[in-house]
Amino acid sequence: MRSARGWVTAVATWLDLVVTAGVALLAAGPAVVSGSTTAFGPADVPIGFALVFLLPGYAVVAAFHPTRCFEAADAPDGPRHAGPSALERLVVAIGLSVMIVPLVGVAWNFTPQGIAAPQVLGSLLGIVLLGVAVAAYRRVLRPPPPPVPLPLGRASRLPSGPGGGGGRGASRP
């Protein structure tokens, strides 16, 4: 049976990818399927903002750096060797999104369909899902983190209770 920390680690490993794919499907799904770009009313603006300015870049960053967001601080050989921190990942994700979205628009401009919201949103959804799939594949291939050594040698020399003694050979009243 897994410990509570094991479940927390397992959820934290996949949570960012699941949320990224879920928000992308939520934002672009109705527009791609039905062609309606106003499926959520007032919630279209923040969901669309995330799809355009954050999710494509985050999926690409996650594909290139398969570590979890907060794994950089927990790295055994220091925080600089595990990958980008959460803030660095966010900044690069926004920058990549600002680069990806115009390229998608330019690509659609040279097709007979032209630039339309369902095509652009479908393309962004495809980029996000492809990035999430590559990131998930790369995270599966990563070796598990090394176990944290516990200083048990020092604890075995401490007295075990009010009677002093300690260790396995100590008698109990």
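How many aromatic pairs does the count come to? The count comes to one, under a rule that pairs rings of Phe, Tyr and Trp (its six-membered ring) if their centres lie within 6.5 Å, with planes under 30 degrees apart called stacked, over 60 edge-to-face and the rest tilted. The model is predicted, so local features need pLDDT of at least 70 and side-chain atom pairs count only at pLDDT 80 or more, while totals for chains, interfaces and linings use all residues. Residues are numbered from 1 along each chain as its sequence is written, and side-chain values use heavy atoms, with hydrogens and water left out.

**The aromatic pair**

Please select Phe49 and Phe53, which form a tilted pair, 4.8 Å centre to centre with 40 degrees between the planes. Both residues belong to helix H2 (residues 44-53), where they stand four residues apart, about one turn of the helix. Helices here are DSSP runs (H or I, at least four residues), as strands are (E, at least two), numbered from the N terminus. An α-helix has 3.6 residues a turn, so residues three or four places apart point the same way.

Phe49 counts as exposed because its relative accessibility is 52%, and Phe53 counts as partly exposed because its value is 36%.

**Around helix H2**

Next, colour Asp44, Ile47, Ala50 and Leu51, the buried residues of H2. They lie on the same side of H2 because they cover an arc of only 140 degrees around the axis, the arc being that of the directions from the helix axis to the C-beta atoms. On the face turned away from this buried side are the exposed residues Val45, Pro46 and Phe49.

The C-alpha atoms of Met99 and Phe53 are separated by 9.5 Å, although the residues are 46 apart along the chain. Met99 counts as exposed because its relative accessible area is 51%.

**The nonpolar core**

Which residues touch the most other members of the largest nonpolar core? They are Ala24, Leu51, Leu124, Val128 and Val132, in a core of 23 residues. Such a core is a set of buried Ala, Val, Leu, Ile, Met, Phe, Trp, Tyr and Cys residues joined through side-chain atoms within 4.5 Å. At least two residues each come from helix H1 (4-34), H2, helix H3 (55-64), helix H4 (86-109) and helix H5 (117-141). The largest share, seven residues, is supplied by H5.

Select Val132 and display its contacts (heavy atoms within 4.5 Å). Leaving aside residues up to four places away in sequence, Val132 touches Leu17, Thr20, Ala21 and Ala59.

**The salt bridge**

One salt bridge is found in the whole structure, the criterion being a side-chain nitrogen of Lys or Arg within 4 Å of a carboxyl oxygen of Asp or Glu. Select Arg139 and Asp16, whose side chains meet at 2.8 Å, N to O. Arg139 lies in helix H5 and Asp16 in helix H1, so the pair ties together parts that are 123 residues apart in sequence. Arg139 counts as buried at 7% relative accessibility, and Asp16 is buried at 15%.

**The whole chain**

The protein chain has six helices and zero strands. Buried residues make up 28% of its 173 residues. Among contacts between residues at least 6 apart in sequence, 66% join residues at least 24 apart.

Note on methods:
Buried means under 20% relative accessible area, exposed over 50%, partly exposed in between (1.4 Å probe, protein chains only).
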